[in-house]
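Welcome, and please take a moment to look over the sequence and the fold before reading on. We will walk through the chains one at a time and then see how they meet.

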Amino acid sequence: MKKVPPKRSEEVLHWPPTEWSASGRIPERVDRDPETLNELILKYQTPLKAYFLAAFPGMEAEADELLQDFLEDRILKKGWLDKAEEKRGRFRDFLKISLKNFVRDRLRKAHPEVVSMSEPGFDLAAEESGSEALDLEWARAVLSEALKRMELDCRRPCRNKASRLQAWETFRLRLVKPILEGTDPIGYEDLVDRLGIGSPFAARNLLVSAKRIFSRHLKAVIAEYEEGGEAARTELDDLRQFLDGLARGKKEKVRSNARPDHV
Amino acid sequence: MTAFNPSKAVRSSKAAQLSKMMDLDPAVPDPWTTRDLPGMLRHQFAALLEFDLASMKLPGRAAGNRKDALEGAAAAGVKSFEDLLFHQEPPLELLKLSKEFFKWRIQVCAKSTPEWKISYLFYLLSILAAGEGMQLLSTLSSTDLIKSTGWALKQGWVDEKTKELILSARKRLLA
């Protein structure tokens with residue numbers, strides 16, 4: 001297989017299928033609302049590509065085409081999502097196994113003479129790396145979606161919109177920005193001045209409310225691909241444990257395989 | 001507002017940062033930081049005496065005395081901690097209650113946290129504001145009080161007006 005150097009940009013993880021609902025092809029293929037399905041594809045495309053790039057090293061050049069085919073032959077195939085939604089373990093694992101089997105089938109068909117464990121697609125270490133790459137991208141996607149929904153929720157016109165907007169801004173500036181940018185948290189008094197909050201103590205209470213809103217959206221995002229209740233709680237715990245393991249430095253190599261620009 | 005967009009920023013974040021985001025617990029209050037101290041100080045000065053001091057559990061008779069003291073002070077225009085601590089002749093009964101309140105807060109707050117520092121400062125101010133009557137309010141020696149005023153004067157978050165009060169009391173102690 002032809003090897004291409006990894007692109008050093010964020011776009012490396014995005015692949016073409018971004019406007020399926022506009023293409024008009026979805027309704028013919030699956031019994032799904034095109035808009036919902038388009039959102040679904042957009043949500044999973046980055047984790048899937050991260051998985052592919054790490055699990056099948058040396059196949060970067062084929063990535064977009066194979067993922068496109070996987071989308072058409074599996075995700076958009078009638079009945080596939082229903083199969084995925086049946087109780088069959090974690091949805092993330094179902095996606096990984098499906099993609100892995102799909103690529104292996106393609107490789108067997110393309111190279112029937114070669115059946116070796118050393119061939120691309122049969123590398124256990126790479127597969128593990130791919131699995132971690134997908135989980136990491138998955139966690140990013142879940143958190144990003146929860147944050148986006150929380151912001152929309154807090155900006156939505158309602159009786160107490162002013163205080164919900166203050167809660168969002170307090171959350172964004174006091175908590176999320178320092179975590180994601182590694183900066184010192186803004187002082188409560190600055191927030192009071194900037195947002196017109198009554199006092200530092202009122203700002204602190206707003207942050208408690210904001211954390212509750214965020215937690216609710218995070219659980220809702222997870223509940224959309226896992227069943228709610230116990231399964232969603234387990235998934236949240238699994239993602240936490242996974243991230244904690246990476247944060248301890250054990251497997252940060254995942255990123256260097258999948259996203260060379262963000263090690 | 002800055003252009004910081006959380007839902008975009010999280011997409012290029014590392015595992016350690018994502019882990020912190022996943023672990024945000026609504027039940028755990030956000031810790032105060034040293035940047036919050038000036039605002040906390042102003043808030044405590046503006047806080048109503050009745051709200052804070054009435055939260056202490058006191059036996060029946062003492063609770064009745066407290067009620068009388070708070071009502072009397074309020075009638076004389078002493079309603080907030082600022083009113084009390086910067087008063088020319090602050091009521092000793094209220095200073096005593098204030099001292100006890102912040103002594104209790106010192107005990108429940110982790111040492112050297114912003115909450116502890118604020119409580120310690122107000123504990124000290126409750127004693128110093130008594131002027132000549134300082135020794136009636138506290139068993140602390142003059143040496144201990146001088147040492148404490150030294151600590152308070154070094155705190156960058158303490159405003160000038162408060163520092164003047166502390167400095168004046170310190171001179172009295174050193175005389």
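What percentage of the contacts in chain A with a separation of 6 or more comes from residues 24 or more positions apart? The share is 67%, where two residues are in contact if their C-beta atoms, placed from the backbone, lie within 7 Å.

Before going further, a word on how to read the model. This is a predicted model, in which local features need pLDDT of at least 70, side-chain atom pairs count only at pLDDT 80 or more, and totals for chains, interfaces and linings use all residues. Residues are numbered from 1 along each chain as its sequence is written, while chains are lettered from A and ligands numbered from 1 in the order in which they are written.

Let us begin with chain A. Its secondary structure comes to 12 helices and 0 strands; here helices (H or I, at least four residues) and strands (E, at least two) are DSSP runs, numbered from the N terminus. Read along the sequence, the pattern of chain A is therefore α-α-α-α-α-α-α-α-α-α-α-α. Of the 263 residues in chain A, 36% count as buried. A residue is called buried if 20 or more other C-beta atoms lie within 10 Å of its own, exposed if 12 or fewer, and partly exposed in between, with C-beta atoms placed from the backbone.

Within chain A, have a look at H8(A) and H10(A). Their axes come within 8 Å and cross at roughly 95 degrees. Such axes are lines fitted to C-alpha atoms, for helices over the stretch in contact, and angles run from 0 to 180 degrees between N-to-C directions. H8(A) and H10(A) are therefore roughly perpendicular to each other; angles under 35 degrees count as roughly parallel, over 145 as roughly antiparallel, 65 to 115 as roughly perpendicular and the rest as oblique. On the H8(A) side, the residues that meet H10(A) include Trp168(A), Phe171(A) and Leu175(A), and their partners in H10(A) include Leu206(A), Ile213(A) and Phe214(A). The residues of this contact between H8(A) and H10(A) divide into 10 nonpolar, 3 polar and 1 charged. In this count Ala, Val, Leu, Ile, Met, Phe, Trp, Tyr, Cys and Pro are nonpolar, Asp, Glu, Lys and Arg are charged, and the others, Gly among them, are polar.

Now turn to chain B. Chain B has 11 helices and 0 strands. Of its 175 residues, 33% count as buried, and residues 24 or more positions apart account for 63% of the contacts in chain B with a separation of 6 or more. Along its principal axes, the C-alpha trace of chain B spans about 60 × 40 × 30 Å. The radius of gyration of chain B is 20 Å, whereas a compact globule of 175 residues would have one near 16 Å; this radius is taken over C-alpha atoms, and the globule rule is 2.2 Å times the number of residues to the power 0.38.

A pair of helices in chain B deserves a stop. The axes of H7(B) (residues 92–108) and H8(B) (residues 114–128) come within 8 Å and cross at roughly 155 degrees, and the two helices are therefore roughly antiparallel. Among the residues making this contact are Leu95(B), Phe102(B) and Ile106(B) of H7(B), with Trp116(B), Tyr120(B) and Tyr123(B) of H8(B). The contact of H7(B) with H8(B) divides into 8 nonpolar, 3 polar and 3 charged residues.

In the loop between H7 and H8 of chain B you will find Ser112(B). Ser112(B) has a positive phi of about 70 degrees although it is not a glycine, and it is exposed, with 9 other C-beta atoms within 10 Å. Pro114(B) belongs to helix H8 of chain B and counts as partly exposed, with 19 C-beta neighbours inside 10 Å. Leaving aside neighbours within four places in sequence, Pro114(B) is in contact with residues including Trp32(B), Asp36(B) and Met40(B).

Finally, how do the chains meet? In all, 39 residues of chain A are in contact with 28 residues of chain B. H7, H8, H9, H10 and H11 of chain A each supply at least two residues of the side that touches chain B, and the largest share, 9 residues, comes from H10(A). The residues of that side of chain A divide into 20 nonpolar, 5 polar and 14 charged. On chain B, 6 of the 8 residues of helix H2 (residues 15–22) are buried, so H2(B) is largely enclosed by the rest of the structure. Among these buried residues are Leu18(B), Met21(B) and Met22(B), and what covers the buried residues of H2(B) includes H7, H8 and H11 of chain A.
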